[in-house]
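Colleague: Can you walk me through this one? I have a few quick questions about it.

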Amino acid sequence: MREKGKGRGFSIILSALLTFTTVTCALAADLDAIKKQGTLRHLGVPYANFVSGSGDGLDVELCQLFAKHLGVKYEYVKTDWGTVIPDLIGKKVKAKGAEVEITEDAPVKGDMIANGFTVLPWREKVVKFSEPTFPSQIWLIARADSPVKPIIPTKDINKDIALTRALMKGKKVLSLEKTCLDPKLYDLAATGAKVIGFMGQLNELAPAIINNEAEMTILDVPDALIAIEKWPGKLKIIGPISPKQIMGAGFAQDAPKLLAEYNIFLAGIKKDGTYMKLINTYYPSARMYFPDFFKGL
Amino acid sequence: MRHFFFLSNPKRSLTVLLVAVLAGYMGFLVYSQYQSQEELRKVSLTRFLHENEKRAMAVDYFMADRLGDLAELAENRELALYHENLALGMSIEYGLGAALIAAEESFEKSRTRLKLEKSAVYPRLVYLDESGNKLIDTHEPGLFQGEQRQWSRYLSSRESHATFMFEPGDNADGFIVISCPYTFKARYAGQLLAWLSVKTIYHHFIEASAQDSRFITTLLFKGEYIKVPEDADRVIAAALLPKARNLQPRAPFSLTVTARDNRPERILGMMSPVGETPFALAAFLPEHLDSGEQSPRRLLFTMAGFGLLILAGGIVILRIDMRNAVLQARLEEIALRQKIVAEQNANLRKLSTAVDQSANTVLIMTKDGTIEYVNPHFTVVSGYRPEEVIGNNFLNRWSAHNSKETLDTLWETINDGKQWTGELRNRKKSGEILWEQTTIAPVKDEQGAIADFIAIKEDITKRKEAEEEILRLNTDLEQRVLDRTTALQVSNRDLEKAYRELKAAQSQILQQEKMASIGQLAAGVAHEINNPTGFILSNLNSLKKYLQRFAEFLTLQTEALEKLSAGGNEGVDAVLQPVTEQRKVLKIDHLLDDIGPLIEESIEGGERVKKIVQSLKSFAHIDEAEYKPSDINAGLESSLAVVWNELKYKATVIRDYGEIPNTVCNLGQLNQVFVNILVNAAHALEKQGEITVKTRRDGETIRVAISDTGCGIPAETINRIFEPFFTTKEVGKGTGLGLSIAYDIVVKKHNGQIEVESEPGKGTTFTLTIPIVI
């Protein structure tokens, strides 16, 4: 444990230094530059109902409205989970649990990330997050024919997580590194599960366990809800793996004005009802699972 | 017999008979009226029954649709997904709740999708699980607030069918609840409940059409009235309604109630079940509205009495009317006759006036031709008063002035009963000739026999005079045309002669221009020939001298050879010495060296002369008026040769000949054009300059451009250069016809074009465009 703590301290210093370097040489455009260039470049990966891949999605519509708010054109820049942060900050990164290591330069391709982008400690070290745009949680999903039965909720999230983790022992569980489903984030190894790093896309995890690649997978709530709706009777939700999480839009650290303007924009659409209209369109059941998050909206 | 005395008078008998027939007819009418009233009553009752049946059927269809809605709801995918996830053991907190929310949203969409009178058909949709727990409840805002309901009472079983229930409302008319079991994987899983508003259904299917209806309709559920309209007492008070359980389906019935004015009133009624549902519609109609206020029997008596009264009155009126009618008919006949006479008189007056005032002469004669009448216009035209001619025979008047043949034809025609039309010549009282266009027609009596003749005549004297004048003028005109034609023929002959002379003069001028060109060029050509001829002659003179020396030297050599062959005492050297000395004296070796170049030079001179002569010969094609395929480049070359003496000291000639095909043309004439332009170009060069001759094929034409770098043509004269006799040269140096002839040759004789571009001080380009003709 001491060694682990030592390593973390070194990483923080390194990341702080590299962050400074990043701030001084990154090329992501701030508000003035975006207004000048007349285009807002939205970095997105097709994922759940945030970026559908068909030109719509909760985050796509939020970014389109934000571009309209700025008076600039909207441009979607397709990326993937491995490059989404380098495409924003102009640096390649390597996450190690809650730490991050910045390695080499990369071309900047977008001005903001909005993609069901979960706020994670390591991401916060290289990206500035907006006010929360959507709530989340990581759930354990199993194939319908799995002998593992869903937990009986206890009204205590920590007990529920413990019950769920206890069911993973010896089971093959799919995870996806560099995303919010990174097994290190939830210390899945400690459950005794056989954690398998999935090589495909986030959207492909649910079909993978249906196809017997593993018995279980972890998914965030939005994706899990879509999966059980898309494949009725094929999957079951066992229980929670993590406490509640939040998602937000990600901005380069040298774009504070753009971030501030986004927060102003977000507050505006939450107030005028536009935000909830979008939530009801893309995640109608979200209000039930996260009543605290949507309280007053 | 006494009783039938009144029938002894036939007139009276007839009247009585008529009255009896009329009375019978009236009776028939009254009976028919009675019958039709009865029929009307039956039809009205049938319509009443049908109306109620129709409404019951509409409600039945509506209820059937609602059962279909619930069956559709039972297929709801989201509800199935909820049960699927439930079966997998999922909890509401982790996943199951989402399916429930999705199902509730789907229920809400189904609930609000169907509208009846702008309201949702279903005020409420509920789904209960198999334990009676309410999982989905979607309803109109504000309804069902704070209710305490035992939901389990709605549960049924998998085998059950959809059932209807009635729930009375607190303030409203209550609701109909349709309850339908829901099964999942062949197992009873819950209950679907759908609420329908009695008020909305009653209003839509009954009240909305009640404005024209004379009856009231009540809604029954399982033998109880669940909806009685508020205005029911206009037909029957709610309290007086018969017991619903006792009503037989589709069996009309009647009941007597006490009306508001305490009189007994009969009410007709009928109950129609709503299909297989527990609902029914019972309708009530006051009998007097169905059959009218008066009963048919009462109407029968009233109508009969009224008919008899009318019949009696009618007979009296008829008699009076008949007398009046006869009188009226007579009066009308008299009036009609008077009217006809008046109209005939009026027509007669009109005709008389028309004849009197006619612009034509009108004359009436008897069958033998005796004049009976003439109108005033006759006097105006002829000068004779009526009394001077009436009684005369018209044939006698006209025979003196018209041919016998004409008059015979006329007389024959009109006596045949036909109309004759023609022109007659007459004489006025003043003695002047009078021409009249005359139409004579017979006037026949009622039996069709000829009674008179009427003649209508129009004075056409002026027209006849005009015709004669036109005839005279035509004759005169013909003579004048003849004279004029003769004069024109003479004139034409003069013109032709003048034209021939002009053409001859033109030809002469052309020839003169040619001669002038040739004359102008002759000196140069002569110089060109003279020069080589001069040195050829000089060389020939030198060769003549050389020949004399060779002859002298040859004689000496012959003598020396003879001495040597004779073998004399002189030695060889002595013999050859004078030969050697004389060879030097006569410069034999020099002569031998010089003789070759002399001959070469002479041959060259001869060639030059030959070339000039050939060029002249080529140029001499001027005289050939022949169009044949020719090489324009060759023509240009021969023209250049002809004018070479004019050019060589002033111009560097640049030849830029393109590949052009032979074209059918008069090359002699074109050469004349080239020479004219080239000479002009040479004259335009004040000092040294360039003349460029360029040919190109341009589509179906050949373009020849001759440019010089001379003084150019002033703008004020460039438009006149093609005019005949226009020249800027000194008197005697140019005829002024060169370019005019060039224009004539290129444009008129070769269908080509000639254009000039010039800039004073820089030069001029003449461009000839000649169509290619193969």
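Colleague: Which residue is the bridge partner of A:Ile113 in S14(A)?

Modeller: In S14(A), A:Ile113 has A:Gly250 as its bridge partner. Strands here are DSSP runs of E with at least two residues, helices are runs of H or I with at least four, and both are numbered from the N terminus.

Colleague: And how do strand S5 and strand S14 of chain A run, parallel or antiparallel?

Modeller: Antiparallel: strand S5 (residues 112–113) and strand S14 (residues 250–251) of chain A are joined by two bridges. Two strands pair if DSSP finds at least two bridges between them.

Colleague: Before I go on, what kind of model is this?

Modeller: This is a predicted model, where local features need pLDDT of at least 70, side-chain atom pairs count only at pLDDT 80 or more, and totals for chains, interfaces and linings use all residues. Residues are numbered from 1 along each chain as its sequence is written, while chains are lettered from A and ligands numbered from 1 in the order in which they are written.

Colleague: Fine. In what order do the strands of the open sheet in chain A come?

Modeller: The order is S2-S1-S5-S14-S6 in chain A, five strands with mixed pairing. At the edges are strand S2 (73–78) and S6 of chain A, each of which pairs on one side only.

Colleague: What sits across S1 and S2 of chain A?

Modeller: H3(A) lies across strand S1 (39–44) and S2 of chain A, and runs at about 165° to S1(A). Axes are lines fitted to C-alpha atoms, for helices over the stretch in contact, and angles run from 0 to 180 degrees between N-to-C directions.

Colleague: What is A:Phe129 in contact with, beyond its neighbours in sequence?

Modeller: Leaving out neighbours within four places in sequence, A:Phe129 is in contact with A:Val119, A:Glu124, A:Gly248 and A:Gly250. Contact means that the C-beta atoms, placed from the backbone, lie within 7 Å. That A:Gly250 is the residue bridged to A:Ile113.

Colleague: Now H3 and H9 of chain A. At what angle do they cross?

Modeller: Helix H3 (residues 58–70) and helix H9 (residues 256–271) of chain A cross at roughly 110°, with their axes coming within 10 Å. H3(A) and H9(A) are therefore roughly perpendicular to each other. The cut-offs are under 35 degrees for roughly parallel, over 145 for roughly antiparallel, 65 to 115 for roughly perpendicular, and oblique for the rest.

Colleague: Which residues make the contact?

Modeller: H3(A) uses A:Leu65, A:Phe66, A:His69 and A:Leu70, and H9(A) uses A:Glu261, A:Tyr262, A:Phe265 and A:Ile269. By class, that contact has six nonpolar residues, one polar and one charged. Ala, Val, Leu, Ile, Met, Phe, Trp, Tyr, Cys and Pro count as nonpolar, Asp, Glu, Lys and Arg as charged, and the others, Gly among them, as polar.

Colleague: Which residue has a positive phi although it is not a glycine?

Modeller: One of them is A:Asn212, with a phi of about 70°. Most residues other than glycine have a negative phi. A:Asn212 is in the loop between helix H7 (205–210) and strand S11 (216–220) of chain A, and counts as exposed because 10 other C-beta atoms lie within 10 Å. In chain B, B:Arg250 has a positive phi near 60° and lies in the loop between strand S9 (224–227) and strand S10 (253–258).

Colleague: Last one. How many residues does each chain give to the contact between chain A and chain B?

Modeller: Chain B gives 15 residues and chain A gives 20. On the chain B side, helix H2 (77–87) and helix H3 (96–113) are the elements that give two or more. H3(B) gives the most there, with five residues. That side divides into seven nonpolar, five polar and three charged residues.

Note on methods
Two residues are in contact if their C-beta atoms, placed from the backbone, lie within 7 Å. A residue is buried if 20 or more other C-beta atoms lie within 10 Å of its own, exposed if 12 or fewer, and partly exposed in between; C-beta atoms are placed from the backbone.
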